[in-house]
Every structure is written in C-alpha cells, then in structure tokens.
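Please open the structure in your viewer, with side chains ready to be displayed, and follow the stops below in order.

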Amino acid sequence: MTIVEFLNARLAEDEQAAHAASPGTGGPERVRADVAAKRGIVEEYAATYRECMDTLNGGAQTAAEEDGSWSALHAWRRALEHLAAVYASHPDYDPSWKS
C-alpha cells in the first residue's frame, strides 16, 4: 500500500465518522472541511509525482525546472508523512513513512 492509498483510505474513514463529531469540535462540517483540506494535500503530491515521472520519461525541462520539481515533490512527500503520522497506530501504517 502506498502512502497515498493509505491516506485516502483513512480520510474516507474520517469522512464517514464525521456525522458523530460533537458541536464542541466544530461538528461534522469542520471534520469534512479538515478531510477536504487533507485530500487537497494528497492530490497536490500526486500531481507533483506525476510531473516528476513525466520528466523522467522524457519530458522537456531545464535543469533548474527539474530541480524545482524534485524539491517540490520532496516537500509534498514530507507533508504526507506528517499527515500519515496521525494514523501511526493503524495496522496498515508503514513505519518507513515516519518523518
């Protein structure tokens, strides 16, 4: 299981549980907004990953652009590792994702 698959599964679970959120925590709307924000981070990582793979497969970029793409990918990956850490006790969590 990839970190993207893992996070998407956990976020789907969180979204399903949103209806039980108490008003003191902002209620279901806040939980859904939190899930949507985290999904946006996962989607940005996936898009940057695809761009980097396209570069490896012959996409035309200057060296500076290529360096920037890989730096961005690394930054997004670190963000995913931090998001995944919340679920470290889950049996599908991979300890190699630890930041």
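Helices here are DSSP runs of H or I with at least four residues, numbered from the N terminus. The model is a predicted one, and a search of the whole structure finds 5 salt bridges.

Begin by selecting Asp34 and Lys38, which form a salt bridge whose closest N and O atoms are 3.0 Å apart. Because the two residues lie 4 residues apart in helix 2, about one helical turn separates Asp34 from Lys38. Asp34 counts as partly exposed, at 28% relative accessibility.

Next, select Glu15 and Arg39, another salt-bridged pair, with the closest N and O atoms 3.1 Å apart. This pair links distant parts of the chain, since Glu15 belongs to helix 1 (residues 3–17) and Arg39 to helix 2, 24 residues apart. Glu15 is partly exposed at 31% relative accessibility, and Arg39 is partly exposed with a relative accessible area of 22%.

Move on to helix 3 (residues 63–85), where Arg78 and Glu81 are 3 residues apart, separated by about one helical turn. Salt bridges with shared partners join Arg77, Arg78 and Glu81 into one network. Between Arg78 and Glu81, the closest N and O atoms are 3.3 Å apart. Is each of these two partners buried or partly exposed? Arg78 is partly exposed, with a relative accessible area of 33%, whereas Glu81 is buried at 10%.

Finally, select Glu43, Glu44, Glu51 and Asp54, which gather on the surface in a patch of negative charge. Glu43 is found in helix 2 (residues 27–56), and because its relative accessibility is 52%, Glu43 counts as exposed.

Notes. Residues numbered from 1 in each chain as written. Predicted model: local features only at pLDDT ≥ 70, side-chain atom pairs only at ≥ 80, totals over all residues. Heavy atoms only, no water. Patch = residues over 30% accessible without salt bridge, like charges linked within 9 Å, V, L, I, M, F, W, Y side chains within 5 Å. Areas by Shrake-Rupley, 256 points an atom, 1.4 Å probe, with all protein chains shown as cover. Salt bridge = Lys/Arg side-chain N within 4 Å of Asp/Glu carboxyl O. Lys, Arg positive; Asp, Glu negative; His and termini not counted. Charge placed at Lys NZ, Arg CZ, Asp CG, Glu CD. Buried < 20%, exposed > 50% of the residue type's maximum accessible area, 1.4 Å probe, protein only.
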